[in-house]
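Subject: Structure handover

Hello,

Here is the structure I promised to pass on. Please open it alongside this note. My findings follow below.

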Amino acid sequence: MDWPNRAPFAAAITFDMDADSLIHAADPEGWKRPYAISMGQYGPTVGVPRILETYRRLGLRQTFFIPGWCVKTYPKAVEAILKDGHEIGCHGWIHENPSARSLAEQAEDLDRALDAIAAFSGYRPRGYRAPVYLLTNDTPALLADRGFAYDSSMMADDEPYALDLGGRSLIEIPTHWGIDDWPPFAHYAEIGYMMPVRGPSEGLAPFFEEFEAARRDGGLWHAVWHPFLTGRRARWQVVERWLETALTSGAWFATLGEIADHAEGLRQAGQLRTLPFPTYTQRQT
Ligand SMILES: [Zn+2]
């Protein structure tokens, strides 16, 4: 894929600042679970300031996906992210599962999240990532109706592509579980995740292998991390050391919004892969 200024490949770190939204969305009794709540709270209160400090030192601007409820609950972290010029993407209202919501409820969740961000800062997100990637066949149209430029919840390619919504389109910046820090680092029994937690270097090694693969292919490397997981001290120190080298690789480090704008330019020039959405319109038997 071609990148701006003849960069040999592209790179983006995205952080999903879920904080403790997960426990409230998953369990009506979640508010009574102080340990689980505190684990999530580490994200906005300790992880985000640490990450921002590194980004300031290295001159990086990146993307943070944040549920609307977290904007309301952790305004200081959001203010700091915006003050440093990072992008904020929408990540649902309270990390609800969109596929368990009706169409009207999905629209309501999206609008509630957008309103919370707008009320806080006047900021209008251009990107969306579905909580746990659980977008529905209705999600892209709901996003296009609201003027979103891109989604980052699907897994059909390594590189950005376009979703053809029948006369409209949306850029997809794909993800996959191999570039998500949940499998190596999350152990969250309260919401049903019982994972063997990896050591910092072991858990992060696959991300760095992915980076080398993107470099070889001239493609996009993209990480989906969480401030309460990869933002923890020992893991972030490994990332920091790696980043200092990665920044000398020639990669175009950009926000997902910038990558989506570049992809949209390619789409308009007929140079971007386009997939129909939804892939199926009826039950397959
Ligand atoms: Zn999330």
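Where is the place of Leu243? Leu243 sits in helix α9. Keep in mind that this is a predicted model.

Is Leu243 buried, exposed or partly exposed? Leu243 has 18 other C-beta atoms within 10 Å, so it counts as partly exposed. Thr54 is 189 residues from Leu243 in sequence. In space, C-alpha to C-alpha, Leu243 and Thr54 are 9.5 Å apart.

**α8 and α9**

Helix α9 spans residues 233-246, and helix α8 spans residues 200-217. Their axes come within 9 Å and cross at roughly 30°. Angles under 35 degrees count as roughly parallel, so α8 is roughly parallel to α9. The crossing of α8 past α9 is right-handed. On the α8 side, the contact is made by Pro200, Ser201, Leu204, Phe208 and Phe211. On the α9 side, Ala234, Arg235, Val238, Val239, Trp242 and Ala246 take part. By class, this contact of α8 with α9 holds 9 nonpolar residues, 1 polar and 1 charged.

**α2 and α4**

Helix α2 covers residues 34-58 and helix α4 covers residues 75-83. They pack at an angle of about 10°, with axes 9 Å apart. α2 and α4 are therefore roughly parallel to each other. From α2 come Pro44, Val48, Pro49 and Leu52. From α4 come Ala77, Ala80 and Ile81. The contact of α2 with α4 has 7 nonpolar residues, no polar ones and no charged ones.

**The nonpolar core**

Which residues touch the most other members of the largest nonpolar core? They are Ala10, Ala11, Ala12, Met17, Ile66 and Ile259, in a core of 74 residues. Ile259 touches Ala10, Ala12, Pro160, Ile173, Leu220 and Ala254. That list leaves out residues up to four places away in sequence.

**Asp145**

Asp145 is found in helix α6, residues 139-145. Is Asp145 buried or exposed? Asp145 is exposed, because 12 other C-beta atoms lie within 10 Å, and a residue with 12 or fewer counts as exposed. Arg168 is 23 residues from Asp145 in sequence. Their C-alpha atoms are 9.7 Å apart in space.

Best regards

Definitions and conventions: Residues numbered from 1 in each chain as written. Predicted model: local features only at pLDDT ≥ 70, side-chain atom pairs only at ≥ 80, totals over all residues. Axes fitted to C-alpha atoms, helices over the stretch in contact; angles between N-to-C directions. Helix = DSSP H or I, 4+ residues; strand = E, 2+ residues; numbered from the N terminus. Parallel < 35°, antiparallel > 145°, perpendicular 65-115°, else oblique. Left-handed = near helix turned anticlockwise from the far one by under 90°. Contact = placed C-beta atoms within 7 Å. Nonpolar A, V, L, I, M, F, W, Y, C, P; charged D, E, K, R; others polar. Core = buried A, V, L, I, M, F, W, Y, C linked by C-beta atoms within 7 Å. Buried ≥ 20, exposed ≤ 12 C-beta atoms within 10 Å, placed from the backbone.
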